[in-house]
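User: I should like to understand the reasoning behind the labels attached to this model. Please set each value against its criterion.

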Amino acid sequence: MPASLATRVARKYRLALSAMRPAQPETVSWPGGVVSFTLDDFPKSALTAGGPILRQYGCRGTYYTALGLAGTEDELGVYCEPDDVVAAHQQGHEIACHTFSHLDCVKARPDAIVADIAESEAKLAALLGGYLPQSFAYPFGEVSLGAKRAIASRFSSCRGISGGFNHGRVDLAELRATKLYADEYDETRLRGLIDRTCKAGGWLIFYTHDIRVIPSRYGCTPSQFEAMVAYAAQHAAVLPVGEVIAQLGFACIPFGAPAEIDAAPQPHQGSQA
């Protein structure tokens with residue numbers, strides 16, 4: 001079996017196994033539906049282009065930040081500088097954890113994952129006046145049972161990249177999310193997904209990376225991003241991930257103080273953000 005195919009098969013099996021073993025099972029129900037827009041890795045364009053679009057429609061996003069990438073550049077463009085993180089925080093966006101070094105949580109040992117997250121938390125706390133992120137996303141979307149067990153109790157939610165929306169019994173340690181990528185963009189399909197989320201009373205999380213006229217294969221164009229933000233804001237509540245978790249009544253656990261999440265879920269009737 002070619003290595004690339006073997007890798008894909010192994011990844012699919014690992015994700016399926018992880019999904020079958022929830023680490024933080026809870027029940028999610030949001031009458032009327034709620035949508036979150038998340039920006040992974042925090043390239044500068046996610047704020048310079050994405051921020052004004054979110055603000056135009058009265059919305060705020062969740063920026064999963066890996067500060068070890070700060071100031072570097074690759075196919076996603078230039079990554080955020082510390083001043084960008086401060087600006088996003090001041091604008092009311094959620095600054096969330098994506099490890100410090102954009103660590104592959106499947107390949108790394110649990111103690112290495114915890115240490116890398118601790119470095120991220122320390123840097124963000126120093127930058128944002130003691131702020132501790134409550135939300136986490138697995139870099140590369142890579143998650144395993146071991147990674148979930150190492151991370152789950154340290155955040156109020158962890159987001160993966162399995163498609164669809166969250167409703168009913170879900171795993172807060174591996175929330176579903178739907179990609180918003182230019183190469184796979186189908187506005188009719190994505191609008192339909194928002195409609196189904198609203199009808200079911202669920203929670204839809206979009207994720208993308210850079211937002212540019214000519215985006216990377218992991219990003220989208222400003223017009224695509226605006227189309228989804230506008231449609232979501234018209235039909236559902238639009239909130240950062242951490243605020244959805246808080247309004248659902250789930251505990252927020254600062255990193256370094258793991259505890260059992262035993263709060264009963266409280267359905268919340270959202271209002272349009």
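User: Why does Ala246 count as partly exposed?

Analyst: This is a predicted model, and in it Ala246 has a relative accessibility of 43%. Buried means under 20% and exposed means over 50%; the value of 43% lies in between, so Ala246 is called partly exposed.

User: What share of the contacts in the protein chain joins residues 24 or more positions apart?

Analyst: Among contacts with a separation of 6 or more, 74% are between residues 24 or more positions apart. Of the 273 residues, 53% count as buried, each therefore having a relative accessible area under 20%.

User: What makes a set of residues a nonpolar core?

Analyst: The members must be buried, must belong to a list of residue types that includes Phe, Leu and Val, and must be joined through side-chain atoms within 4.5 Å. The largest nonpolar core has 37 residues, and Phe37, Phe206 and Phe225 touch the most other members. Helix 8 gives the most to this core, with seven residues. Another core, of 21 residues, lies apart from it and includes Leu172, Tyr207, Val241 and Phe250. In soluble globular proteins, nonpolar side chains tend to be buried together.

User: Which residues does Phe225 touch, beyond those up to four places away in sequence?

Analyst: Among them are Phe37, Leu39, Ile53, Leu54, Leu180 and Ile211. Phe225 also touches Gly50, Thr208 and Cys220.

User: Which residues lie nearest the centre of the largest pocket?

Analyst: They are Phe140, Gly141, Tyr181, His209 and Tyr218, from a lining of 26 residues. The volume of this pocket is about 550 Å³. Helix 1, strand 2 and strand 10 each give two or more residues to the lining.

User: How do you know where the pLDDT is under 50?

Analyst: The pLDDT is the predictor's confidence in each residue, from 0 to 100, and its average over the protein chain is 87. At least 70 is reached by 83% of the residues. Over residues 13-18, however, the pLDDT stays under 50, and over residues 253-273 it is below 50. Where pLDDT is low, the predicted coordinates should not be read in detail.

Key. Residues are numbered from 1 along each chain as its sequence is written. This is a predicted model: local features need pLDDT of at least 70, side-chain atom pairs count only at pLDDT 80 or more; totals for chains, interfaces and linings use all residues. Side-chain values use heavy atoms; hydrogens and water are left out. Buried means under 20% relative accessible area, exposed over 50%, partly exposed in between (1.4 Å probe, protein chains only). Contact means heavy atoms within 4.5 Å. Helices (H or I, at least four residues) and strands (E, at least two) are DSSP runs, numbered from the N terminus. On a 1 Å grid over the protein atoms alone, a cavity is a set of points where a 1.4 Å probe fits but cannot get out, and a pocket is an open set with protein on both sides within 12 Å along at least five of seven lines; lining residues have an atom within 4 Å of a point. Grid points are joined across faces, edges and corners, and a volume is the space filled by probe spheres set on the points.
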